Amino acid sequence: MPVIKILPHPEYAPNGAEIQAPAGTSICEALLDNDIAIEHACDMSCACTTCHVVVREGFNSLNEMEEDEEDLLDRAWGLEPNSRLSCQAIVAQKDLVVEIPKYSINHAKEKH
């Protein structure tokens with residue numbers, strides 16, 4: 001079973017984490033199933049960018065991006081060439097290293 005290494009994030013994984021995820025699972029589902037409460041404001045329907053991650057290793061093993069995801073990623077903060085919406089990035093057979101960006105576009109989280 002592939003391993004997903006999550007780099008340290010001050011809120012979601014202060015010490016980082018390593019989890020296992022069955023192939024065919026989205027990165028978002030794998031994180032949530034392992035008590036890493038990544039934001040997912042649209043309930044994983046590819047309608048927002050709150051679950052944006054940067055795949056540092058294993059990017060090319062993921063499923064190809066669809067046009068909806070590409071369009072939404074243009075709105076994500078901290079976009080990088082290896083950015084994905086974790087709800088759309090499907091784990092294959094290769095291990096991954098994932099970074100959850102420090103900031104997101106989720107204004108509701110800012111508690112104004």
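Predicted model: local features only at pLDDT ≥ 70, side-chain atom pairs only at ≥ 80, totals over all residues.

Visitor: OK. How many helices and strands are there?

Guide: The protein has two helices and five strands. Helices (H or I, at least four residues) and strands (E, at least two) are DSSP runs, numbered from the N terminus.

Visitor: In what order do the elements run?

Guide: From the N terminus on, the order is β-β-α-β-α-β-β.

Visitor: And what is the radius of gyration?

Guide: It is 13 Å, which agrees with the value near 13 Å for a compact globule with 112 residues. That radius is taken over C-alpha atoms, and the globule rule is 2.2 Å times the number of residues to the power 0.38. The C-alpha trace spans about 40 × 35 × 25 Å along its principal axes.

Visitor: Which way do β1 and β5 run?

Guide: β1 and β5 run parallel, joined by three bridges. β3 and β5 are antiparallel, also over three bridges. Strands count as paired if DSSP finds at least two bridges between them.

Visitor: Switching topic: how much of the protein is buried?

Guide: Buried residues are 43% of the 112. Buried means under 20% relative accessible area, exposed over 50%, and partly exposed in between (1.4 Å probe, protein chains only).

Visitor: What is in the largest nonpolar core?

Guide: It has 28 residues, and Ile4, Ile6, Ile27, Leu31, Leu96 and Ile100 have the most contacts inside it. β1 (3-6), α1, β3, α2 (67-73) and β5 (96-99) each supply at least two residues of this core. The largest share, four residues, comes from α1. Such a core is a set of buried Ala, Val, Leu, Ile, Met, Phe, Trp, Tyr and Cys residues joined through side-chain atoms within 4.5 Å.

Visitor: What does leucine 31 touch?

Guide: Not counting residues up to four places away in sequence, leucine 31 touches Ile6, Ile19, Ile36, Ile38 and Ile100. A contact means heavy atoms within 4.5 Å.

Visitor: Now histidine 9. Is it buried or exposed?

Guide: Histidine 9 is buried, at 3% relative accessibility. It is in the loop between β1 and β2 (17-20).

Visitor: Where does its side chain reach?

Guide: The side chain of histidine 9 reaches the backbone oxygen of proline 101 at 3.2 Å. A polar atom of that side chain also lies 3.0 Å from the backbone nitrogen of glutamate 11.

Visitor: Last one: what is the phi of methionine 44?

Guide: It is near 65°, a positive value in a residue other than glycine. Methionine 44 lies in the loop between α1 (27-33) and β3 (52-57) and is partly exposed at 31% relative accessibility. Cysteine 46, in the loop between α1 and β3, has a positive phi of about 60° and is buried at 15%.

Key: Residues numbered from 1 in each chain as written. Heavy atoms only, no water. Polar contact = N/O pair within 3.5 Å; in protein donor to acceptor, adjacent residues only side chain to side chain.
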